[in-house]
Amino acid sequence: MIDLALPAAVSCIVAFIVVYVTTPPLIKFLEKRNMAVKDMNKKEDIMVVRPGGPSIVLGIIVSEIVLYAFLQLNEIIALIITTTAAFAIGYVDDRKVMGGWFKPVLLAIAAAPIIALGAYDTDLAFPLFGDVQIPALYLALIILMIPIMGNTINSIDVLNGVASGFMVIASFSLTICLFIVQNYEIAIVSLPLGFVSLAFYKYHKIPSKIFPGDSGALTLGAMYGCIAIIGGVEIIAAVAMLPAVINSFLFLSSVKRIVEHRQIKGKPVEHTEDMKLKATDDKTAPVTLVRLILAGGPLSEKQVGFTIFKLGIFSGILAIITAFMMGVRL
Amino acid sequence: MKAGLYGFLFGMWILIIIGGGIVVTLLGPITITGFGEMNWFIASVIKAVIAIILVVIWILVLSKMKNWIFKKEIKS
């Protein structure tokens, strides 16, 4: 484990610095090209540039290449290819609005390198009860995992700083869990995700200077899903991601079909005169995590963001408990 | 409402643990013999069908739980 300390430290520093240094020039570049959207939760007409995906994916690629130089794991190659493919899919969606099925289908294809490089174990590990061998079913799980995680993070990217901040909490929780289950190499491989998210949060937090866009959100989600598979911690990863999973579940169970957010006509949230967020009574609007948080009364954007972070910390603690339970058998 | 959200998260976690137990005890031991090289394939199909049924049940239970928790919260 001590041998892994140097690659871990170097990759974390590289991941953080690459995103921290490349995001400001990316913001200037996007401003020059007028690639900005209105921040809907601000009183004034504030335009925020997007997408931040290029700096996020650059941080991930460079730091994982550094790790590959030390560890030479097939899993790292699979992770880099799948994550880069997810970025490319998101970037196309950022530039040109695609249909509701576009992202899930292509993200499922993006999972192919994990299968092709054999970067997975067919045993699905459950806490308290042990493993179950499901060779054919597990392939379906791999194909589903990347689109689900990608779109889950994308669907929670609705307020300043929430997607990147939530990812910091979820990914560091997952890294702790990987250490607990003694999967040290993949724990090190997962560290750059937290540091990339942390560096991006600096520019994404309220008031945002840049939005991650679909390319950024899908990159983060796909890498998270990839780590869950190559680390054999699918259940733990799902637990750490529960607030975002709830958001997707509530959305899908109220809309009852796979659609893009922009295709929904009903508004789940509106603004008070002092620009606080308030849940609407619109029955055609989807039920979302933010709408449920606001059901108790209006809150500022910052308050809603921190409530989501607290839920993230709670589910992170549940994930860590789950990781400890992996070593216990009934 | 926030207490309800934490309750919902905790409920989901419990459902995952219980669901895991059912999967391991129900799906794990399934083996098929008598079909030669197709044994693993038929066993996989049976496991897939049971898994899909379990997921559907899981979603239905979750929906009921969501309605129960949040309607109770809104009434209070």
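This report covers the model's confidence, its chain contact, its core and a few local features.

## Model and conventions

This is a predicted model: local features need pLDDT of at least 70, side-chain atom pairs count only at pLDDT 80 or more, and totals for chains, interfaces and linings use all residues. Residues are numbered from 1 along each chain as its sequence is written, while chains are lettered from A and ligands numbered from 1 in the order in which they are written.

The model scores ipTM 0.88 and pTM 0.92. pLDDT is the predictor's confidence in each residue, from 0 to 100. For chain B its mean is 82, and 89% of the residues reach 70 or more.

## Chain B

Chain B has two helices and zero strands. Helices (H or I, at least four residues) and strands (E, at least two) are DSSP runs, numbered from the N terminus. Of the 76 residues in chain B, 14% are buried. A residue is buried if 20 or more other C-beta atoms lie within 10 Å of its own, exposed if 12 or fewer, and partly exposed in between; C-beta atoms are placed from the backbone.

Two residues are in contact if their C-beta atoms, placed from the backbone, lie within 7 Å. Take the contacts in chain B between residues at least 6 apart in sequence: 63% join residues at least 24 apart.

## The contact between chains

Chain A puts 27 residues into the contact, and chain B puts in 25 residues. On the chain A side, at least two residues each come from strand S4 (130-133) and from helices H6 (135-156), H10 (234-240), H11 (242-255), H12 (289-294) and H13 (301-325). By class, this side has 22 nonpolar, five polar and no charged residues. Here Ala, Val, Leu, Ile, Met, Phe, Trp, Tyr, Cys and Pro count as nonpolar, Asp, Glu, Lys and Arg as charged, and the others, Gly among them, as polar.

Lys302(A) is found in helix H13 of chain A. Lys302(A) is partly exposed, because 15 other C-beta atoms lie within 10 Å. Lys302(A) and Leu159(A) are 143 residues apart in sequence, yet 8.5 Å apart in space, C-alpha to C-alpha.

The largest nonpolar core has 122 residues. Such a core is a set of buried Ala, Val, Leu, Ile, Met, Phe, Trp, Tyr and Cys residues joined through C-beta atoms within 7 Å. Those with the most contacts inside it include Leu174(A), Cys226(A) and Ile230(A). Not counting residues up to four places away in sequence, Ile230(A) touches Glu75(A), Ala78(A), Leu79(A), Ile114(A), Ala119(A), Tyr120(A) and Ile186(A).

Of the 21 residues of H8(A), 18 are buried, so the helix is largely enclosed by the rest of the structure.

S3(A) and S4(A) pair in the antiparallel sense over four bridges. Two strands pair if DSSP finds at least two bridges between them. Phe126(A) has Gly130(A) as its bridge partner in S4(A). The two strands form a hairpin with three residues between them; Leu128(A) in the turn has a positive phi of about 70°.

Side chains alternate along S3(A). Asp123(A) is partly exposed, because 14 other C-beta atoms lie within 10 Å. Leaving aside neighbours within four places in sequence, Asp123(A) is in contact with Asp131(A) and Gln133(A).
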